[in-house]
Amino acid sequence: MELVPSSDARSSVARVRGLYLRALGLIFVLAFASLLPQLVALLGPRGLSPATELLDSVRQVLPGPERYVRLPTLLWWLGAGEGALRGVGLAGLVCGALLVANVAPRLALVGAWVCYLSLASVGDVFLSYQWDVLLLEAALVSLPLTPGHLLPRGASPSPPLGAIFLPRLLLFRLMLMSGVVKLVSGDPTWRDFTALQYHYWTQPLPNPIAWFVHLLPPVLHRASVGAMLVIELVVPFFIFGPRRLRLGAVGLLAALQLGILLTGNYGFFNLLTLVLCLSVLDDGVLARWRTGAPPPVASDWPLRRSGWGAVALVLFIGAYAVLGFSRDLQRLTRQPPPGVLETVEDAIEGFRSINTYGLFAVMTTERREIVLEGSADGQTWKEYLLPYRPGRVDEVPRFVAPHQPRLDWQMWFASLSSCRNNPWLIRLQEGVLRGEPHARRLFTEDPFPEAPPRYVRTRFFDYRFTDWDTRRATGDWWTRQELGPYCPPLTLENGQLRAVP
């Protein structure tokens, strides 16, 4: 084992590049594997947000080639039926696996990006989370790092000089904006350091560790907020500093992501951020745990030895930096960019690959849950329980990441608005009334297995974590209090959906 890395190893990122790309491929595999079982129920022709309807509406508004730029998806040519949706998902999964295996990595990365973009473009609210666009952006900034062919076993080609700067820049923007938006939002819980006293039980999908952490003394929650803001606002600048500062900074960034990963279920978001953290490392770090590692070979970048290759890479980095920081500035100032820049941003908007970030700019201080119920007679009601959302108060919160149950997540967002703003929720209730198999499979069990209910309704509840005494006495993890109806009760009359007076 090499205990003291050489100066060459400390200045090289050849092996880091290989590890980073394989890890990014693994994230694509996890993302597609999580999404595939849900695609038909969410985006299929009889799903909650049918992709066919979106394509038809865009086709009417944009009859020319502009539609392919505004809504880039392979489904324009494949159709948006169940087979096409599954086919694109499977193709993306295979491309991710090829990237992990280092088989035609450049083509594999492009293929995974195209497939994920094709689904995200038609995914409506179900594929509009920050980690969805972060994955697309990570693929874009990683393209200059990819070798264009299968390398000899164990080979570690040197990437083009400066290419590793792109994923580092994305990590910098992601972390810095996560802190900045908390301060500029004006949210009082961030400014008085009380945000984490609410976060663990109001987050979309808590896990069991969140229940225990929630019970920590308020002074520890306040200290945690302070530490988190320092890590998000100050530490990112050090990833561009000298080696010791850079490695110390990435250690703190990774520790923050591990803490979030342990106390919440955020799909593949934290794992993807940890992959971006790998780009800050160098081969000297890997050499401490690796023996017999082959030395780097010459660069496989086709234009590396020409002036044009260097110019192209510099232009790519410059364009990405300008567009990325422009998007961040727009979010903070809410002002449009200069004319030329606005034209460029408008042209590339549909590709979702240069974005701005910042989760929980405003901390939720209440937890509202929408509970769907069915009834055969309008008198006796039975709950339809989702597998990962809080339902029965005695059910333990579950670990689910890196899988992201999209409907469970979207129910959390629906609770922050009104019924009329969530047409997919009406479709879900209609699917229950019609006994649609795809709708029924979204729930943990069907309380009406013989025949669908005659009526459905949605009720609003306030949920809170219990304390130690209540947990010991009752075994309950939650308390809940009814707040009233969310949507009007619904039924089918002559095959048509209507509200019940």
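A contact is taken here as a pair of heavy atoms within 4.5 Å. The structure is a predicted model, in which local features need pLDDT of at least 70 and side-chain atom pairs count only at pLDDT 80 or more, whereas totals for chains, interfaces and linings use all residues. Residues are numbered from 1 along each chain as its sequence is written, and side-chain values use heavy atoms, with hydrogens and water left out.

Leaving aside neighbours within four places in sequence, Pro206 is in contact with Tyr200, Trp201, Asn265, Arg367, Pro397, Arg398, Phe465 and Trp478. Pro206 belongs to the loop between α12 (196–202) and α13 (208–214); helices (H or I, at least four residues) and strands (E, at least two) are DSSP runs, numbered from the N terminus. Pro206 counts as buried because its relative accessibility is 4%, where buried means under 20% relative accessible area, exposed over 50%, and partly exposed in between (1.4 Å probe, protein chains only).

At the level of the whole protein, 23 helices and eight strands are assigned. The radius of gyration, taken over C-alpha atoms, is compared with a globule rule of 2.2 Å times the number of residues to the power 0.38. For 501 residues a compact globule would have a value near 23 Å, and the 24 Å of the protein agrees with this. Along the principal axes, the C-alpha atoms fill a box of roughly 75 × 60 × 50 Å. Of the contacts with a separation of 6 or more, 77% are between residues 24 or more positions apart.

Of the 501 residues, 52% count as buried. The protein has 47 positive and 39 negative charges, and their mean positions are 7 Å apart. In this count Lys and Arg are positive and Asp and Glu negative, while His and the chain ends are not counted; each charge is placed at NZ of Lys, CZ of Arg, CG of Asp or CD of Glu.

A nonpolar core is defined as a set of buried Ala, Val, Leu, Ile, Met, Phe, Trp, Tyr and Cys residues joined through side-chain atoms within 4.5 Å. The largest such core has 132 residues, and those with the most contacts inside it are Leu24, Phe28, Tyr116, Leu135 and Leu407. Beyond residues up to four places away in sequence, Leu135 touches Leu24, Ile27, Phe28, Ala31, Tyr116, Phe268 and Leu272.

Helix α15 (residues 243–263) contains Arg246, and Leu247 is also placed in α15. Arg246 has a relative accessible area of 9% and is therefore buried, whereas Leu247, at 22%, counts as partly exposed. Not counting residues up to four places away in sequence, Arg246 touches Arg168, Phe238, Ile239, Gly241, Val280, Leu281 and Asp282. Arg246 and Leu281 are 35 residues apart in sequence, with a C-alpha to C-alpha distance of 8.1 Å. With the same exclusion, the contacts of Leu247 are Val280, Leu281 and Val285. The C-alpha atoms of Leu247 and Gly378, 131 residues apart along the chain, are separated by 63 Å.

In helix α7 (residues 82–100), Leu90 is partly exposed, with a relative accessible area of 46%. Leu90 and Leu216 are 126 residues apart in sequence and 44 Å apart in space, C-alpha to C-alpha.

Backbone geometry was also examined. Most residues other than glycine have a negative phi, and most peptide bonds are trans. The peptide bond from Ala401 to Pro402 is cis, with omega near 10°, and Pro402 is found in the loop between β4 (381–384) and α20 (406–414). Positive phi values occur at Arg352, near 50°, and at Phe360, near 55°. Arg352 lies in the loop between α19 (339–348) and β3 (368–375), and Phe360 is likewise found between α19 and β3. With 23% relative accessibility, Arg352 counts as partly exposed.
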